[in-house]
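Here is a short briefing on a structure. It covers helices, strands, pockets, cavities and backbone geometry.

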Amino acid sequence: MNAIDLEIFRQVYASIAEEMGATLMRAAFSPNIKERRDYSCAIFDASGEMVEQAAHIPVHLGSTPMSVAAALEFMGAAWPADHHVILNDPFAGGTHLPDITLVSPVCDRDGVIRFYVANRAHHADVGGITPGSLPLSRSIDEEGIRLGPTVWGPDVEEAICQASRTPVERRGDLRAQLAANRRGALRLTEWLERPNFLAAAAALQDYSEQFMRDVLAELPAGSWEFADVMDDDGLGTVDLPIRCRLTLRDGSATVDFAGSAAQTAGPINVPRAVTVSAVYYAFRCLAPSELPSNAGYMRCIEVLTEPGTLLDARAPAAVAVGNTETSQRVADVVFGALAHAVPDRIGAASCGSMNNVLVGGIDSRSGRAYAYYETLAGGAGAGPGWVGESAVHTHMTNTLNTPIEALEHAYPFRVTRYQVRRGSGGVGNFAGGDGIVREYAFDSPATVTLMTERRRHAPWGLQGGGSGACGRNVLLRGGAEIELDAKVTFDVIAGDRVVVETPGGGGYGGPDG
């Protein structure tokens, strides 16, 4: 297939995935999906290999193929065209329970499955012991409803809605996911009769593989190591190490996480799917934007994990915030190893936390329960030739800011301060980006959960650059300023304020160059 046709088909596949996302966003009920766009969409071939993904959430897109594989194994060869498979089990290719994945077949006019479309969306509450379903849990059973691959039906939809504190919102978001897959299926069937459309899927995967092999072949051969730590697991265990050994050779890469911490009691464990996703993301950043994001480039990268560890947890391990926090540290250590291999291409550590904020209670305006979730931006790391961006989501998250107006319209609390945290970026010849300060004011009782990292260990600088500032969580009550743990659930009363100061990015190079 010539290069022009291949690029045309690549853009067709990408536009279909993006249109799926637009449908999901516009039809969703929750601000987390509608405003923050905490979802991802992708297209897979008949064997379950990714053909194209939209530019959505990195931690979703590298792990969704494992959920699609679990769905295919569950359905077998005889998958009816009108059946959709829904799942959120982290131990079946998922990430954490709020991320619900929907997989649908796409058939030609003879009823033969030619593609699958899939989307994953973060639901603001799926049950569990605290509002928002990212609790300080000791077991996944405390985190909400858990579904292995299951055929979508009214009973399944009802079970999810009843498990949630906000059933109306859940039903709306679930049906938005169904609408997104139907839109993707419609667009793909419109193209199925076009010459070379099916062949282009395999050609794009092969092209992507060769593209990434060429990228890796330009890197020096050898092995490099790097290590970092998680601040804590929320239940008293601190400084959990994450170690990687990177080996580059003959257009391929191996990342070995031997020696990383054993799975822990708190909810920062991750299933293997999340670890793999973070590694794929880091290598995708090495390649030019022209690289098609599909299964092809993933063939060049081997990821080694040890079952029963922090990075390959076994059920029933608690995993609620491993997807948001531990994934960031996995990316950090891979970039750290790459910085030894190609120091002129890799930047310092970014914020290193998604800074999760969850609020739940009873809305006095309606008398109904509510559950709110958002992640907060931080500073990006500086690098060789660039300063770090301030107040941005980095690495494994690609979500947007929740507009204050949308938040205050939907929920019974207010944002009274929202600003760049000046001076929080690391110093250097190129300075790290600054984090943010976000302050919430409560006029009625609520339950608040903060799940954050980089509160004890700062984002590191490179080549003599300084570290970014650690983050900070504070409760303001009755004139007192109470320091909060990095991972904490607590009740607020009328008049309380909660302040989250997010970390800055590391600096690059000594101040004198």
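Helices (H or I, at least four residues) and strands (E, at least two) are DSSP runs, numbered from the N terminus. Helix α8 gives the most to the lining of the largest pocket, with six residues. The model is predicted: local features need pLDDT of at least 70, side-chain atom pairs count only at pLDDT 80 or more, and totals for chains, interfaces and linings use all residues. Residues are numbered from 1 along each chain as its sequence is written, and side-chain values use heavy atoms, with hydrogens and water left out.

**Pockets**

- A pocket is an open set of points on a 1 Å grid over the protein atoms alone, with protein on both sides within 12 Å along at least five of seven lines; lining residues have an atom within 4 Å of a point.
- Volumes are the space filled by probe spheres set on the points, which are joined across faces, edges and corners.
- The largest pocket holds about 780 Å³ of space. Its lining has 33 residues, and the closest to its centre are Tyr281, Arg284, Cys285, Phe335 and His395.
- α1 (3-27), α3 (58-61), α8 (272-286) and α9 (295-298) each supply at least two residues of the largest pocket's lining.
- That lining divides into 17 nonpolar, 13 polar and three charged residues. Here Ala, Val, Leu, Ile, Met, Phe, Trp, Tyr, Cys and Pro count as nonpolar, Asp, Glu, Lys and Arg as charged, and the others, Gly among them, as polar.
- The second largest pocket holds about 350 Å³. Of its 16 lining residues, Thr166, Glu169, Arg368, Ala369 and Tyr370 are the closest to its centre.
- Two or more residues of the second largest pocket's lining come from each of α6 (167-191) and β12 (368-375). The largest share, four residues, is from β12.
- The second largest pocket is lined by nine nonpolar, two polar and five charged residues.

**Cavities**

- A cavity is a set of grid points where a 1.4 Å probe fits but cannot get out. The whole structure has two cavities of 30 Å³ or more.
- The second largest cavity has a volume of about 40 Å³. Its lining includes Cys351, Met354, Leu376, His393 and Thr397.

**Enclosed elements**

- Buried means under 20% relative accessible area, exposed over 50%, and partly exposed in between (1.4 Å probe, protein chains only).
- Helix α10 (residues 322-341) is largely enclosed by the rest of the structure, because 19 of its 20 residues are buried.
- α10 reaches 27 Å from its first C-alpha to its last, close to the 28 Å expected at 1.5 Å a residue. The expected span is 1.5 Å times one less than the number of residues.
- Strand β5 (residues 113-122) has nine of its ten residues buried, so β5 is also largely enclosed by the rest of the structure.

**Strand pairing**

- Two strands pair if DSSP finds at least two bridges between them.
- β1 (residues 39-45) runs antiparallel to β5, with seven bridges. Ala42 stands opposite Ala118 in β5.
- β4 (residues 99-107) pairs with β5 in the antiparallel sense over nine bridges. Leu102 stands opposite Asn119 in β5.
- Five residues separate β4 and β5 in a hairpin, and Gly111 in the turn has a positive phi of about 85 degrees.

**Backbone geometry**

- Ala315 and Pro316 are joined by a cis peptide bond, with omega about 5 degrees. Pro316 is in the loop between β10 (301-304) and α10.
- Asn355 has a positive phi of about 50 degrees although it is not a glycine. Asn355 counts as buried, at 0% relative accessibility.
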